[in-house]
Amino acid sequence: MTDADLSDAYSNLGAFGSTAQQIDAEFDLEPDFADWADVRDSNCSGADAARSTLEGGFGPTTMLTLSDEEQGIVSTESWAGALTSTCPQVLDVWEWDADSRSAFALADPEWERWVQPDPTPIPPPALLSGGESGDGSWVMGVDGDGYSVQCADGEISNSGGIQGACSGHGGVG
């Protein structure tokens, strides 16, 4: 197969093709494009069913020549690559375990762009007063004239109950 034919074959896998090509090169695997298409589809359907956990990542059958450790890496990279490139809608959940987040970061450093804000309602001021810090944790004692609300873009505003709350952030979420 010529380099141009290989490039076309990886391109036919869609956005997942770059993940498949990277794994084949990294582990010196013989490309099997039908297998890669099945890997992509199986990882997406499996993740859609499981949500929020890295269980049952699928890799290509060519990885069976590798060590157990390398097989684990290939299946994890295949899983994360499929989700971030082909079916990011399954990333529309709030909690992903640490192993999953690490795998996503390897496959796509910008993976968090697919994750929607936590849909958990923010407690009223009688229960909690504060705001979200830059690292995503909750901090107490953030001043504001209203109560805490989450804006449509995920930002926290302490102007809940006041006209114009979150006006610069797409409105109240």
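Tutor: Start with contacts: two residues are in contact when heavy atoms lie within 4.5 Å. The model is predicted. In its protein chain, 42% of the contacts with a separation of 6 or more are between residues 24 or more positions apart.

Student: How many helices and strands does the protein chain have, and what pattern do they follow along the sequence?

Tutor: The protein chain has five helices and four strands. Read along the sequence, the pattern is α-α-α-α-α-β-β-β-β.

Student: What share of the residues is buried?

Tutor: A residue counts as buried when its relative accessible area is under 20%. Of the 173 residues in the protein chain, 35% count as buried. The accessible surface of the chain is about 9,800 Å², and carbon and sulfur atoms hold 49% of that surface.

Student: Which residues have the most contacts inside the largest nonpolar core?

Tutor: In soluble globular proteins, nonpolar side chains tend to be buried together. Here the largest nonpolar core has 25 residues, and L13, W36 and L83 have the most contacts inside it. The elements that give two or more residues to this core are helix 1 (3-11), helix 2 (17-26), helix 3 (33-50), helix 4 (68-85) and helix 5 (98-107). Helix 3 gives the most, with six residues.

Student: How many aromatic pairs does a search of the whole structure find?

Tutor: For a pair of rings, look at the distance between the centres and the angle between the planes; over 60 degrees counts as edge-to-face. The search finds two aromatic pairs. Y10 and F33 form an edge-to-face pair, 4.8 Å centre to centre with 80 degrees between the planes. This pair links helix 1, where Y10 lies, to helix 3, where F33 lies, across 23 residues. Both Y10 and F33 are buried. F16 and W36 also form an edge-to-face pair, at 5.7 Å centre to centre and 65 degrees between the planes. F16 is in the loop between helix 1 and helix 2, W36 is in helix 3, and they are 20 residues apart.

Student: Why does F16 count as buried?

Tutor: F16 counts as buried because its relative accessible area is 0%, and W36 is buried with 1%.

Student: Is R40 buried or exposed?

Tutor: R40, in helix 3, counts as buried because its relative accessibility is 14%. Leaving out residues up to four places away in sequence, R40 touches N12, L13, F16, A82 and T86.

Student: Where is T19, and which residues does T19 touch?

Tutor: T19 is in helix 2 and is buried, with a relative accessible area of 11%. Not counting residues up to four places away in sequence, T19 touches E77 and G81.

Terms used. Residues are numbered from 1 along each chain as its sequence is written. This is a predicted model: local features need pLDDT of at least 70, side-chain atom pairs count only at pLDDT 80 or more; totals for chains, interfaces and linings use all residues. Side-chain values use heavy atoms; hydrogens and water are left out. Buried means under 20% relative accessible area, exposed over 50%, partly exposed in between (1.4 Å probe, protein chains only). Accessible areas come from the Shrake-Rupley method with a 1.4 Å probe; for residues, only the protein chains shown count as cover. A nonpolar core is a set of buried Ala, Val, Leu, Ile, Met, Phe, Trp, Tyr and Cys residues joined through side-chain atoms within 4.5 Å. Rings of Phe, Tyr and Trp (its six-membered ring) pair if their centres lie within 6.5 Å; planes under 30 degrees apart count as stacked, over 60 as edge-to-face and the rest as tilted.
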